[in-house]
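Hi,

Here is the structure we talked about. Please open it first, then read the notes below.

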Amino acid sequence: MQVPFNIPYTTGNELKYIEDCINTGKICGDGKYTKLVNKYLEETLFANKILLTTSCTHALEMAAIQMGLKEGDEVICPAYTFVSTANPILLRGAKVIFAEIDEKTLNIDLDDVERKITNKTKAIFPVHYAGVSCDMDSLMDIAKKNNIMVCEDAAQALYSTYKNRYLGTIGDYGCFSFHETKNYVCGEGGAISINSADALAVEKAEIIREKGTDRSKFYRGQVDKYTWVDIGSSYLPSDMLAAFLYAQLEAKNEIFERRERVYNRYYEGLKELQDKGIIRLPIIPDFCKSNYHMFYILCESEKQRDYLMANLKQAGITAVFHYLPLHTAPVGEKMGYKKGQLPITEKIGATLLRLPMYADLTDEQVDYVISNIKNLLLK
Ligand SMILES: Cc1ncc(COP(=O)(O)O)c(C=O)c1O
């Protein structure tokens, strides 16, 4: 049996909507489907304003520009994350301060955040790893107390909640990904949630996204020509991608239920190994409802993880490691970080194994993965 790591789910309506998009005669950004997606996300997330972007990386870049980050500023984020959390900060000339993660949730450790706040700290970029929420009340309290902005990296966390509030809508900004590995996809794509009720914040985001012009206002008939009004870039995707994504979002409950079933089956099947103290399974705190983006196991050691990964591969199962901690990557080292500085991050980076996870995964495939892991670890 072959069990790939990921297969993007399709609902059957993607091509129909793309064809319809082509027939509208407008396939560039901000056409019919982009508007539909923005509205759908705003309504279902109870969000103030959502703008579709070319990627989550670009949504994070937009937030960093909008926050006015600059040389001399410091921004705190975890080192256990994808490069896209840190790059937007460096691109503005600000300094990245890596914080440790919490061993239970693998999310940013708020005690370490507090220790690392200085009078130069302008923002925190928390990551909701695996679609599991950070403790947002405590994080927002720290941010408010210190007059610091928050941009939630919710790349993996669309439709997860913290105390019944959707992730990405709690900080000043939230950023989502529709990359093919995520729950809802369009190949490459993202969105930014602008959570400030200040209309100027939305206007500014529209300008940044439209190459520094007020073209969005022009399209709404609010100005009679558009011009260059600020810095910006090209962060809006083709409407054909939005058409693909709209089909996915319409099937959001079905996709959620399929992933939930896979997650629960893995959990039940592997619990015995956790009970025997051989591996650890993911923890979802009570304050969070997960979108079941990922299923990972934490091994005893790097050796055990690599042994599992290699042997599962022999059995046709693609299980993969995840982040190599950013502070030990060449760029992190150039910034002056060294191995040993964030021990929990390093341990998780060395021992975490992600199991195949996608909406079309069958019970037979999940059981095959479980029995292979058990055979390898119980013998
Ligand atoms: C935590 C995190 N942030 C940002 C990104 C970047 O998303 P995108 O590929 O849409 O740019 C990813 C992608 O996997 C991610 O996991």
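**What turned up**

Keep in mind that this is a predicted model.

Start with the ligand. The space it takes is the largest pocket. The shell around the ligand has 15 residues. By type, that shell divides into five nonpolar, eight polar and two charged residues. Cys56, Thr57, Asp153, Ser177 and Lys182 come nearest to the ligand.

- Thr57: a polar atom of its side chain lies 2.4 Å from an oxygen atom of the ligand.
- Ser177: an N or O atom in its side chain is 2.7 Å from a ligand oxygen.
- Cys56: here the backbone is involved, with a polar atom 2.9 Å from an oxygen of the ligand.

How much of the ligand does the protein bury? Taken alone, the ligand exposes 390 Å², and the protein buries 91% of that.

Now the aromatic side chains. The structure holds 20 aromatic pairs. One of them joins Tyr40 and Tyr246. Their ring centres are 6.2 Å apart, with 90° between the planes, and the pair is edge-to-face. Tyr40 lies in helix H2 (residues 32–45). Tyr246 lies in helix H9 (residues 239–250). The pair therefore ties together parts that are 206 residues apart in sequence.

Best wishes

How values were computed
Residues numbered from 1 in each chain as written. Predicted model: local features only at pLDDT ≥ 70, side-chain atom pairs only at ≥ 80, totals over all residues. Heavy atoms only, no water. Near = heavy atom within 4 Å. Polar contact = N/O pair within 3.5 Å; in protein donor to acceptor, adjacent residues only side chain to side chain. Areas by Shrake-Rupley, 256 points an atom, 1.4 Å probe, with all protein chains shown as cover. 1 Å grid on protein atoms, 1.4 Å probe; cavity = no way out; pocket = protein on both sides within 12 Å on 5 of 7 lines; lining within 4 Å. Sits in = over half its atoms within 2 Å of the grid points. Nonpolar A, V, L, I, M, F, W, Y, C, P; charged D, E, K, R; others polar. Phe/Tyr/Trp six-rings, centres within 6.5 Å; stacked < 30°, edge-to-face > 60°. Helix = DSSP H or I, 4+ residues; strand = E, 2+ residues; numbered from the N terminus.
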